[in-house]
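Subject: Structure for you to look at

Hi,

Here is the structure I promised to pass on. Please open it alongside this email, and my notes follow below.

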Amino acid sequence: MSDPLRRLAPVIRVAPAKLNLTLAVLGRRSDGFHDLHSVMVPLVLADRVSLAAIPPGPDARESLHVEGLDPGPDVDNLALRAIAVARQAVGGGWPGGPGPAPALAVRLEKRIPVAAGLAGGSSDAAAALDGALEAWGAELDAASRLAVAARIGSDVPFFLAGGTALVEGRGERVTRLHGIRGQPGILLVTPGLPVPTPDVFAAFGARGGRGDGSVRMTSEHLAVELRNGLSAADLIARAGVLAAANDLLAAATIVVPQLVPFRRALFRLLGRPVGLSGSGPTLWALYPSQDEATEAASTVRAALDDGRIATIGTGRPAVHATTTVARQVGTMPGSEAEGTNR
Ligand code: C5P
């Protein structure tokens, strides 16, 4: 038999950030999580994950090498957790089996701000899951991939879809939408105040644990529009409504009260609606093109430098101009065709 690990080149995956265009929280479930209705888009701002199988031996141990931003301790790393859960799911079902699939040397180029409401860790996990399977030459059907992804975290299944999607349930029900025609510019401003998602949901629960019905209506309406495809210009025309369509906004400002004046200052500076992605603290504004978002990013950086906008948190807020990932095909059951998020 040929050596299943003879693959020399590492497997490389791009792990995009996500933006919640809407986020409705429908209510608390018996398992402690919340049912959501959220329209999410993948962004060009991305991490990169590369994985290489290590030939078996006494020193063959999974390793993680990080470049760029600090993702936090290895024990909490979702890419490593994804590989461990994927190895369990594969069992002896890889070409070198029946033993467990081999250890991997993982390299992570971390560009997506951490604990920022952009799901960078979850995206790394989805990329690592897909990449590990390829590095091992192992197969998992789409339903099993989805089950593995959902075990790792609520935001992970979305990234298997490879495009704009409606996310429901705890995050495990993902429906691909046709998406946005054209690529709107997206300005992201992330203050240096990592916000733990559980804290925001806890604050949300303390306020009654139920979202505002109007956010749900906006989210349902946008999902219908994006099912058929919406132009970037039409999306931007809805920016004011979308910037208010996040049920976690008020809870996030309880956890991080400084977000209120910071968001107001950004709104005054940009003259555009400013929304919150997920549980925050990343704030976003939409533009007709990435060039215009890049210009706005310079404006924000200058305003932070000269004190027109007071910095909150530690260090300088991260300012990114990006756009949505161009339409592509995904691997979800019910998605339009086959493909991957590479
Ligand atoms: O699934 P994940 O580990 O990303 O979730 C982090 C936390 O966010 C959970 O522990 C829970 O407090 C909250 N959460 C929730 N409902 C969801 C997703 C997350 O309550 N649908």
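Let me start at the ligand: one of its oxygen atoms is 2.7 Å from an N or O atom in the side chain of His-34. Please keep in mind that this is a predicted model.

An oxygen atom of the ligand is 2.5 Å from a side-chain N or O atom of Ser-154, and a nitrogen atom of the ligand is 2.9 Å from a polar backbone atom of Arg-170. On its own the ligand exposes 450 Å², and the protein buries 73% of that.

The space that the ligand takes is the largest pocket. Around the ligand you will find Gly-32, Phe-33, His-34, Leu-36, Gly-153, Ser-154, Arg-170, Thr-197, Pro-198 and Phe-201. Which element gives the most to this shell? Helix 5 does, with 3 residues. Strand 3 and helix 5 (197–206) each supply at least two residues of the shell.

Now to the salt bridges, which come to a count of 17. One of them pairs Glu-109 with Arg-48, at 3.3 Å from N to O. Because Glu-109 belongs to strand 5 (residues 104–110) and Arg-48 to strand 3 (residues 34–53), this pair ties together parts that are 61 residues apart in sequence. Arg-48 has a relative accessible area of 33%, so it counts as partly exposed.

Glu-109 also forms a salt bridge with Arg-111, where the closest N and O atoms are 3.0 Å apart. Arg-111 is partly exposed, at 42% relative accessibility.

Another pair to inspect is Asp-130 and Arg-145, whose side chains meet in a salt bridge at 2.5 Å, N to O. This pair links distant parts of the chain, with Asp-130 in helix 2 (residues 120–136) and Arg-145 in helix 3 (residues 142–152), 15 residues apart. Are these two partners buried or exposed? Asp-130 has a relative accessibility of 6%, so it counts as buried. Arg-145 is buried as well, with a relative accessible area of 16%. Through salt bridges that share partners, Arg-13, Asp-130, Glu-134 and Arg-145 are joined into one network.

Happy viewing, and do write back with any thoughts!

Best wishes

Key: Residues are numbered from 1 along each chain as its sequence is written. This is a predicted model: local features need pLDDT of at least 70, side-chain atom pairs count only at pLDDT 80 or more; totals for chains, interfaces and linings use all residues. Side-chain values use heavy atoms; hydrogens and water are left out. A salt bridge is a side-chain nitrogen of Lys or Arg within 4 Å of a carboxyl oxygen of Asp or Glu. Helices (H or I, at least four residues) and strands (E, at least two) are DSSP runs, numbered from the N terminus. Buried means under 20% relative accessible area, exposed over 50%, partly exposed in between (1.4 Å probe, protein chains only). A residue is near a molecule or strand if one of its heavy atoms lies within 4 Å of it. A polar contact is a pair of N or O atoms within 3.5 Å; within protein, one must be able to donate a hydrogen and the other to accept it, and residues adjacent in sequence count only if both atoms are side-chain atoms. Accessible areas come from the Shrake-Rupley method with a 1.4 Å probe; for residues, only the protein chains shown count as cover. On a 1 Å grid over the protein atoms alone, a cavity is a set of points where a 1.4 Å probe fits but cannot get out, and a pocket is an open set with protein on both sides within 12 Å along at least five of seven lines; lining residues have an atom within 4 Å of a point. A molecule sits in a cavity or pocket if more than half of its atoms lie within 2 Å of its grid points.
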